[in-house]
Amino acid sequence: MRLTFFGATREVTGSSILIEAANRKILLDCGLFQGTKSSEERNYAPFSFRAADIDFVVICHAHLDHTGRLPKLAREGFRGKVFATAPTRELTQLVLEDSEKLMEEKAERENIPPLYELEDVARILELFEALAYEETIEISPGIKLTLKNAGHILGSAIAIVESEGVRVAYSSDLGNVPSLLLNPPAHVDNADYVICESTYGGRVHEDIKLRKLKLAEVINNTIAQNGILMIPSFAIERTQELLHDIEDFCSISGCERPTFYLDSPLAQKVTAVFGKYPEYLSETLRKNHKNKNFFGLERIHFANTVEESKQLEFAPNPKVIIAGSGMMNGGRILHHLLNFAGDGKNSILILGYQAQGTLGRKIFEGNREIKIYGKKIIVNAQIKSIGSYSAHADMPQLIDWLSYSKNVKTIFLTHGEVDQQLTLSSKIKSELGKQVVIPQMGESHDLY
Ligand SMILES: [Zn+2]
C-alpha cells in the first residue's frame, strides 16, 4: 500500500490523501485550500494525478477544507464512487452550493473564473454512496472500508482502509470532548498506521464548563452597553452549539433582551439537517430533549434575504447577530463589521480556529486597522473569544485517542500548522514512544 499526501501538509486546509492499493486509487477527502490569496490560488493548480484514474473517494466530513475540490474532480473526469455517511452527503451539498455562490460573486468582483459550476456539484453528488458508522464494506476486491464516529461535526467519520495486509486509520478531524451535540470519537485499537490531525496539537483548550459562563458574560455586557454583539460563526456545528447554549442562557435569564438574529441561510438549512438525523446526535442530548427542541429556534429571528440582512443595521439595540463566515473571509458578517466594528460599545466574539491570512486571524491577533471591500476601518469593538467552542480535539485529547492504537508503526501528522505539529510530535514520542512523520506536500510512503 502506498500513501501520498496532497494537502493539509504542514498547514490546516486542503485535506487530500491518495491511497494506492490492490490496483486501485482511493482519495481520502478532497478539500479546498483556504486562507491567504496564494493558498487559494493553489486550488486552480492541476491535481497531481489524473482525476479519471481515481476509483473511489472517501469524504470524512462536509467542511469545505475536506470537500471543496470535489466538484473540480468531477469536472476533470472523476466518475468513481464517493463514500460518506448520509448526513455528510446532505451537508456537503449545502456547503458546495454555498461555496459555488460565493465563488461566482468573487469571480465577478475580481474577474477570476470560478473553480467549478453548479452542474459539477450536481455531478459529484450523484456519485455519493451512503455508509453507516461501524459498517465494513469491500469497496473493491481486497479493499475494505469502515467509517467510525469522529465526533467533530454531524456525520463526521474516521476512515479505516484495509488492504494488502495493512490497516490505515485516518482521523480526518477529531471532535473536542465533551461535545454537547455529538458522541465522543470512536477509538481505533488495531491500526498499523494512523494519519492524525493536529490543528490544536500544541494546545490545551479551556474548560468547557466555563463556556456558558463566558457566553453569559459577553451577552450581559452587550445588554449593559446597549451594544451589538457580532458572532462570526461556522454554519455547521458551531452555530448549532451556540444556539443550544443561547437557549440554555435564555431559559435561566428569561431573555427579554437582547434580540438574537441568525443571519445565515446556510446555517439555518444546516440546522434543519441536524433535526433530520437525531440518531447521529449524542445520547445525552436526545435524552435531555425528548421533544427534539435542541436549538430553541422560536427565540431566534432569521434574516433570509440580503435585504433582511441589511435591515439588521436599523434593528434596536441590544442585539446579537450570528453570521458567516466563521473566519470573516467572506459572507454577511463583513457588512456588519463594516457598520459596527468601529464602535467601542460593540463586541466581536470569536469562537473557532482562524486560519492564517484570514480577516478573522488579523482581528483575533489584535490588528486594529482592517480593510473590508477596500474600505479602511479602525476596530474599536471589544474582541472576545471562547476557546472551548472548538470542534477539534486538543493535545491531551489527541494523545488519549492515539494511545488506543497500541501496535501502530508510524503516526503521520496532517492538518496543523508546523509549531502545533512539532509540539504534538514530541509529546507522542515521549508519552507513547511511537514514530512520527510530518509529511511534506507530495511526499509518498510505502506501507507494509
Ligand atoms: Zn473539519
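Predicted model: local features only at pLDDT ≥ 70, side-chain atom pairs only at ≥ 80, totals over all residues.
Figure 1. Buried denotes under 20% relative accessible area, exposed over 50%, and partly exposed the range in between (1.4 Å probe, protein chains only). Helices (H or I, at least four residues) and strands (E, at least two) are DSSP runs numbered from the N terminus. Residues are numbered from 1 along each chain as its sequence is written, and side-chain values use heavy atoms, with hydrogens and water left out.

**Figure 2. The largest cavity, between domain 1 and domain 2**. One cavity of 30 Å³ or more is found in a search of the whole structure. The largest cavity holds about 90 Å³ of space. Its lining comprises 16 residues, and those closest to the centre are Asn176, Ser179, Glu241, Ser390 and Ala391. On a 1 Å grid over the protein atoms alone, a cavity is a set of points where a 1.4 Å probe fits but cannot get out; a pocket is an open set with protein on both sides within 12 Å along at least five of seven lines; lining residues have an atom within 4 Å of a point. Grid points are joined across faces, edges and corners, and a volume is the space filled by probe spheres set on the points. The lining of the largest cavity has six nonpolar, six polar and four charged residues. Here Ala, Val, Leu, Ile, Met, Phe, Trp, Tyr, Cys and Pro count as nonpolar, Asp, Glu, Lys and Arg as charged, and the others, Gly among them, as polar. Because domain 1 (2-203 + 391-446) and domain 2 (210-389) both give residues to this lining, the largest cavity lies between them; the domain bounds come from an automatic or database domain assignment.

Figure 3. Of its 20 lining residues, Tyr200, Arg203, Tyr353, Gln354 and Phe364 lie nearest the centre. Helices H12 (359-364) and H14 each supply at least two residues of the lining. By class, the lining of the second largest pocket divides into six nonpolar, eight polar and six charged residues.

**Figure 4. Two cis peptide bonds**. The bond from Val177 to Pro178 is cis, with omega near -5°. Pro178 is found in the loop between strand S10 (166-170) and S11. Gly324 and Ser325 are likewise joined by a cis peptide bond, with omega about 5°. Ser325 is found in the loop between strand S15 (319-323) and helix H11 (333-340).

**Figure 5. Positive phi at Ala22 and Glu134**. Ala22 has phi near 45°, a positive value in a residue other than glycine, and its place is the loop between strand S2 (17-21) and strand S3 (24-28). Ala22 counts as partly exposed, at 24% relative accessibility. Glu134, with phi near 70°, is in the loop between strand S6 (128-130) and strand S7 (136-140). Glu134 is partly exposed, with a relative accessible area of 47%.
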